[in-house]
Amino acid sequence: MRVAHHRGATNSDAFVRLLDDKLSDLLKNWRKALQTNLSSETAQHSLEAMSPAERKPIEEFLKQKDEAGNLPTNFVPAAIQALRGIQAVTVPVDSLLQALKTGGLPCTREELQNRFKQFLDQQMRGHDTGNTRLTLDQ
């Protein structure tokens, strides 16, 4: 009976090692696929449109070795944004200034805030607010 028990324990140990190896391989392949996708042209355009703080977790991930155990803080939301695709919308500074002046100056704080909001709403029309980044044309 002891021999059978020992043989079962040996088989169990081997099975656990096999599963551990398969999980390690799965994780390495997942990391490589993610690195490849984050290096794609679409993701690179997205990264260029992201703020430095948004890009940081992805840059840290791409520097990690395949065996790294942890993902950088805020990596998952940043990767989702980059892989979905971020669109940059250039806002002409002259148009912004004209919109802020519309209605006359001087004006109250609330009037200026409303003008700015209306201008932004107009610039963002047809764009997904979560996947769009604004930049100023100077």
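Predicted model: local features only at pLDDT ≥ 70, side-chain atom pairs only at ≥ 80, totals over all residues.
View 1. L71 touches W30, R31, F61, Q64 and V76, not counting residues up to four places away in sequence, where contact means heavy atoms within 4.5 Å. The residue is found in the loop between α3 and α4, the helices (H or I, at least four residues) and strands (E, at least two) being DSSP runs numbered from the N terminus. L71 is partly exposed, with a relative accessible area of 37%; in these legends buried means under 20% relative accessible area, exposed over 50%, and partly exposed in between, with a 1.4 Å probe and protein chains only. Residues are numbered from 1 along each chain as its sequence is written, and side-chain values use heavy atoms, with hydrogens and water left out.

**View 2. The largest nonpolar core.** A nonpolar core is a set of buried Ala, Val, Leu, Ile, Met, Phe, Trp, Tyr and Cys residues joined through side-chain atoms within 4.5 Å. The largest such core has 12 residues, namely L34, L38, L47, A49, M50, I58, F61, F75, A78, A79, A82 and I86. Two or more residues are given to this core by each of α1 (2-38), α2 (41-49), α3 (52-63) and α4 (75-84), and the largest share, 4 residues, comes from α4. Within the view, I58 touches L38, L47, M50, F75, A78, A79 and A82, when residues up to four places away in sequence are not counted. A second, separate core has 5 residues, including V91, L96, L100 and F119.

**View 3. The buried serine S46 in helix α2.** S46 is found in helix α2 and, at 1% relative accessibility, counts as buried. Leaving aside its neighbours within four places in sequence, S46 is in contact with Q81, A82, G85 and I86.

**View 4. N74 and its positive phi.** The phi angle of N74 is near 65 degrees, a positive value in a residue other than glycine. Most residues other than glycine have a negative phi, and most peptide bonds are trans. N74 is found in the loop between α3 and α4, and with a relative accessible area of 53% this asparagine is exposed.

**View 5. The loop between α5 and α6, with P106 and G103.** The peptide bond that leads from L105 to P106 is cis, with omega near 0 degrees, and P106 has its place in the loop between α5 (93-101) and α6 (109-124). G103 lies in the loop between α5 and α6 as well, and at 73% relative accessibility this glycine counts as exposed. The C-alpha atoms of G103 and Q113, which are 10 residues apart along the chain, are separated by 12 Å.

**View 6. Q87 in strand β1.** Q87 is found in strand β1, which covers residues 87-92, and is partly exposed, with a relative accessible area of 40%. When neighbours within four places in sequence are left aside, Q87 is in contact with H127, N131, T132 and R133. Q87 and E54 are 33 residues apart in sequence, and their C-alpha atoms are 14 Å apart in space.

**View 7. The whole chain, as context for the close-ups.** The protein chain has 6 helices and 2 strands, which follow the pattern α-α-α-α-β-α-α-β when read along the sequence. The C-alpha trace spans about 95 × 30 × 25 Å along its principal axes. The radius of gyration, taken over C-alpha atoms, is 26 Å, whereas a compact globule of 138 residues would have a value near 14 Å by the rule of 2.2 Å times the number of residues to the power 0.38. Buried residues make up 24% of the 138 residues in the chain, and among contacts with a separation of 6 or more, 66% are accounted for by residues 24 or more positions apart.
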